[in-house]
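Visitor: Could you walk me through this structure, with a few questions along the way?
Guide: Gladly, let's have a look together.

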Amino acid sequence: MKNGCLVVLATGLFAACQQGGKSANTNTTASPATTSTKAGDAGPRIAYVDLDSVEARYEYFKAKKSELEKRQQAIDNELKANVRALQNEAADFQRRANANQLTQAEGETAQRTLMEKQQQLEAKRQNLSQQYMEQEAKFNEDLQKRLDDFLKTFNADKKYSFIFSYRAGASNILYKDESLDITAPVLEGLNKANEGKTN
């Protein structure tokens with residue numbers, strides 16, 4: 001989950017700024033200086049957001065991530081309990097078979113029953129996994145929309161042509177000038193936008 005959500009964060013940050021970058025580029029055919037929003041700027045303004053900080057301090061992300069983790073744990077616990085029950089039933093069948101307490105017909109019936117239960121358990125595992133992935137996808141879509149909507153407002157003045165995402169050890173950015181870090185105001189805005197919302 002963690003990686004999936006962070007991919008959404010990175011995609012949202014980049015995609016929301018591409019629109020700003022495209023609008024700037026359509027106006028830059030005459031000279032590079034026209035990409036500037038301030039007199040004396042040499043070209044497009046660039047900033048970045050640190051995804052590690054977003055993950056750690058964006059309250060909506062943390063709450064939803066915790067919900068998904070609890071759901072995953074509940075699924076794991078339920079399936080483990082089902083597996084234990086089936087294993088106990090299989091062990092009991094084996095014990096009775098070894099003690100010659102079953103007729104051949106009873107043994108064959110018990111074997112079929114165990115196989116059916118094993119297939120049902122596998123189908124249940126796949127169904128619960130699918131439900132979880134749908135919940136995760138829904139969260140990712142909602143997170144994407146929140147980021148897109150916020151960044152459109154945040155960069156409404158077209159101050160930045162590009163806003164990149166940065167994550168330690170998992171980024172294409174080889175060097176970052178910390179003066180271009182806008183994580184704090186972005187986080188402040190994201191958390192403020194989430195205040196008062198129930199979901």
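**Rings, charges and helices**

Guide: Tyr 58, Tyr 60, Phe 61 and Phe 139 are linked by ring pairs into a cluster. Rings of Phe, Tyr and Trp (its six-membered ring) pair if their centres lie within 6.5 Å; planes under 30 degrees apart count as stacked, over 60 as edge-to-face and the rest as tilted. Before going on: this is a predicted model, where local features need pLDDT of at least 70 and side-chain atom pairs count only at pLDDT 80 or more, while totals for chains, interfaces and linings use all residues. Residues are numbered from 1 along each chain as its sequence is written, and side-chain values use heavy atoms, with hydrogens and water left out.

Visitor: Which class does the pair of Phe 61 and Phe 139 belong to: stacked, edge-to-face or tilted?
Guide: The ring centres of Phe 61 and Phe 139 are 6.1 Å apart. Their planes stand at 45°, so the pair is tilted.

Visitor: Which helices hold Phe 61 and Phe 139, and how many residues apart in sequence are the parts that the pair ties together?
Guide: Helices here are DSSP runs (H or I, at least four residues), as are strands (E, at least two), numbered from the N terminus. Phe 61 lies in α3 and Phe 139 in α4, so their pair ties together parts separated in sequence by 78 residues.

Visitor: How do the axes of α3 and α4 run relative to each other?
Guide: Axes are lines fitted to C-alpha atoms, for helices over the stretch in contact, and angles run from 0 to 180 degrees between N-to-C directions. The axes of α3 (residues 59-98) and α4 (residues 104-154) come within 11 Å and cross at roughly 175°. Angles over 145 degrees count as roughly antiparallel, under 35 as roughly parallel, 65 to 115 as roughly perpendicular and the rest as oblique. The two helices are therefore roughly antiparallel.

Visitor: Are Tyr 48 and Tyr 166 buried or exposed?
Guide: These two tyrosines form an edge-to-face pair, 6.1 Å centre to centre with 65° between the planes. Buried means under 20% relative accessible area, exposed over 50%, partly exposed in between (1.4 Å probe, protein chains only). Both Tyr 48 and Tyr 166 are buried.

Visitor: How far from the ring centre of Tyr 60 is the charged end of Arg 146?
Guide: A charge sits over a ring if NZ of Lys or CZ of Arg is within 6 Å of the ring centre and within 35 degrees of the ring normal. Arg 146 has its charged end over the ring of Tyr 60, and the distance to the centre is 3.7 Å.
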